[in-house]
Every structure is written in C-alpha cells, then in structure tokens.
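I opened the model today and kept notes as I went. Here is what I was looking at.

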Amino acid sequence: MAKKMNLPNTLSLLRVIITPIFMLSALLMQHIPVWGRVVPTLLFLAAAFTDMLDGKIARKYNLITDFGKFIDPLADKFMVFASCITLLVIDPATARVFVWVSAAVMLRELAVTSLRLVVAGQSGIVVAASFFGKCKTVTQVAAITLMLMEPVFLHISVRLGVDALATFFGNHILSYISMAAMGITTIASGIDYLKSYFPYIDTNK
C-alpha cells in the first residue's frame, strides 16, 4: 500500500502544478488590462509561498524525505525558469536586457545544482542555503512580482493623473531596477557558493 505524501512534499508538488497554470494565465491574458497581470502575479506568489512554507515545515517536523530532496529544488527551478521565460514573452520592451539576467539566473541555478551533487557525492557534505542564497531567492521573487505588476502600476498612475509615476513606470524603470537587483544577488550568491564549496571538489577524480 502506497504511503500518503507528507505536507512539505505536497506543497512542492503543488508548486509544480501552479507553475504551468501561471504561465498559461500570463500568456493568454497578456492583452487584458490589469487582470491580465494581477491573476498571474497572484499565482506566482502562491507558488513562491509554497516554496517558503515547505522547507520550514519539513525542518520543523523532521519530514525531510528523499522524494522531498528531489521535488523541492526541481519545483524551485521550474518556477523561476518559467517566470523568466514568461516575462521575456509578455514584456518584449525589456526583453533585450532581461534575457541576459535570465541567462545569469539559469546558469547560476544549474551551476549550483551541479556543485551540490558533486560535493555531496565526493565528500558527503550537504551544501546548505547560504545568506546570499536566501537573499537571492527573496530578490528574485520580489523582482519578478514587480516586473509582472509594473503595467498595473502604470495603469493606476495614468488613471490618477500622476504624470511623474506614469513616466517612471512607462519607461520600465521599476523593471530595470528589479532586474539589476535580481542579477546582482544571483551572481553574488553563485560566486559565494563556488568559493565556499569548490575546494571540496577533487579535480583529479
């Protein structure tokens, strides 16, 4: 008889399910003012919330499983990669810059994942989330949320007649600031992991 999946693993699996729904809603509703951004943003935040919740519950109640070790990081990367690709499609005005930030994010995630596997395999050391890694996660969620919502902020500014804010949001300045923060924390956390754990890799094996 199959065992019932515990709560952290259920939340991770839920994140996997929410992610394509988020993508579809953003792509299909991209030409709908306000709600075309609010709905995908709420779905993205719901997925991000499960990411925060599943790890805390697993550690607090000792519900860490092999399946959880597999599905949790997979769900995280699925969520982040999907959101980057979605923003590249629905925000073509900023895509020429964001494509480089997205590339940095994806390369960093793949590099750190590879590092974790090799270090664990060779020395048995578990690569834990660092301060920079946690900052990176928070910044990525905040940046993606702000980039998704910038057209809504523009719409509100225009309706209220606040020209300064309309100019700010209309020129995608919020998105560019978000991209810069996302790129800096992503690169910084990647370098931090490499500096901390690369010495544990035996290059002769």
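My entries follow, starting with the ground rules.

**Ground rules.** This is a predicted model, where local features need pLDDT of at least 70 and side-chain atom pairs count only at pLDDT 80 or more, while totals for chains, interfaces and linings use all residues. I number residues from 1 along each chain as its sequence is written, and side-chain values use heavy atoms, with hydrogens and water left out.

**Helix α1.** I took helices as DSSP runs (H or I, at least four residues; strands are E, at least two), numbered from the N terminus. α1 has 22 residues and spans 31 Å from first C-alpha to last, close to the expected 32 Å; the expected span is 1.5 Å times one less than the number of residues. At its N-terminal end I found N6 as a cap, with a side-chain oxygen 2.9 Å from the backbone nitrogen of N9. For burial I used under 20% relative accessible area as buried, over 50% as exposed, and partly exposed in between (1.4 Å probe, protein chains only). The buried residues of α1 include P8, N9, R15 and F22. Their cover includes α2, α3 and α5; contact here means heavy atoms within 4.5 Å.

**T86.** I found T86 in helix α3, residues 66-90. Is T86 buried or exposed? T86 is buried, at 1% relative accessible area. Its side chain reaches the backbone oxygen of A82 at 2.7 Å. Not counting residues up to four places away in sequence, T86 touches F22, M23 and A26.

Leaving aside neighbours within four places in sequence, L87 is in contact with F98, I144, M147 and L148.

**Cysteines.** How many disulfides does a search of the whole structure find? I got 0 disulfides, taking a pair of cysteine sulfur atoms within 2.5 Å as the test. C84 is buried at 0% relative accessibility, whereas C135 is partly exposed at 26%.

**Positive phi.** Most residues other than glycine have a negative phi. V34 has a positive phi of about 65° although it is not a glycine, and V34 lies in the loop between α1 and α2. H172 also has a positive phi, near 60°, in the loop between α6 (163-170) and α7. I noted V34 as partly exposed at 26% and H172 as partly exposed at 27%.

Note on methods. Polar contact = N/O pair within 3.5 Å; in protein donor to acceptor, adjacent residues only side chain to side chain.
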